[in-house]
Amino acid sequence: MKKIRMSCCILISFLIVSCANEEIQSIKIKGQYEINLPKTLSKADNLHEDASLQYQNIFNEFYTIVIDEPISDFNDLVTQDEYLAESYKPNLTGYSNLLKDNLSATIKNGKFSKFEDTKINGMEAKLMNVTGTVDGIDVYYQFGFVKGRDRYYQIVNWTELSRKEDHSKVMAKIISSFKELNRSKKKIQ
């Protein structure tokens with residue numbers, strides 16, 4: 001009887017932990033965008049200085065950031081710089097390629113998937129997966145580059161390469177949950 005009771009307790013504990021891992025939290029940033037993250041992630045402030053959203057689970061080696069910037073800043077950059085203008089167009093493809101090229105200069109033994117063109121909640125987007133070595137650690141990244149109404153967004157998830165299978169589905173769900181808020185409103189001048 002004690003064995004059955006103990007087995008039941010272990011099973012119930014496992015189910016509670018499994019359900020907790022599936023719970024999500026909806027995070028809104030500056031009334032600008034919203035994204036769904038697992039409740040197992042907590043707010044961070046040291047992952048990337050330009051990120052408007054930073055969440056992590058250091059025990060599971062799971063990290064998520066969002067970086068957003070005005071489309072006009074990127075367009076001005078690539079149209080006013082002759083070198084950049086030769087290689088990058090002022091559009092989502094040019095934006096994604098520039099970020100990919102910058103990342104390839106910093107990641108060792110980088111293997112980059114081809115961009116997958118898609119839509120995320122009605123917005124033009126490109127998805128990319130990357131493996132490589134950063135600071136001596138083998139890592140796995142999932143990127144979502146999204147063109148909003150007047151901003152580009154980089155949604156970046158990463159983990160240790162050995163944990164890719166544990167986290168890749170959740171990473172894809174995070175990216176696909178991204179929503180720009182107030183998309184129907186006219187630009188405020």
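User: Which side chain does Glu-23 meet in a salt bridge?
Analyst: Glu-23 pairs with Lys-39, at 3.7 Å from N to O. A salt bridge here is a side-chain nitrogen of Lys or Arg within 4 Å of a carboxyl oxygen of Asp or Glu. This is a predicted model, where local features need pLDDT of at least 70, side-chain atom pairs count only at pLDDT 80 or more, and totals for chains, interfaces and linings use all residues. Residues are numbered from 1 along each chain as its sequence is written, and side-chain values use heavy atoms, with hydrogens and water left out.

User: What does the Glu-23 and Lys-39 pair tie together?
Analyst: Glu-23 is in the loop between α1 (2-22) and β1 (24-29), and Lys-39 is in the loop between β2 (33-38) and β3 (42-43), so the pair ties together parts 16 residues apart in sequence. Helices (H or I, at least four residues) and strands (E, at least two) are DSSP runs, numbered from the N terminus.

User: How many salt bridges does the structure hold?
Analyst: Four. Among them is Asp-117 with Lys-126, the closest N and O atoms being 2.3 Å apart.

User: Is Lys-126 buried or exposed?
Analyst: Lys-126 is buried, at 7% relative accessibility. Asp-117 is exposed, at 57%. Buried means under 20% relative accessible area, exposed over 50%, partly exposed in between (1.4 Å probe, protein chains only).

User: Switching to α4. Which residue caps its N-terminal end?
Analyst: Asn-91 does. A side-chain oxygen of Asn-91 lies 3.1 Å from the backbone nitrogen of Thr-93.

User: Which residues are buried in α4?
Analyst: Leu-92, Gly-94, Tyr-95, Ser-96, Leu-98 and Leu-103.

Note on methods:
Polar contact = N/O pair within 3.5 Å; in protein donor to acceptor, adjacent residues only side chain to side chain.
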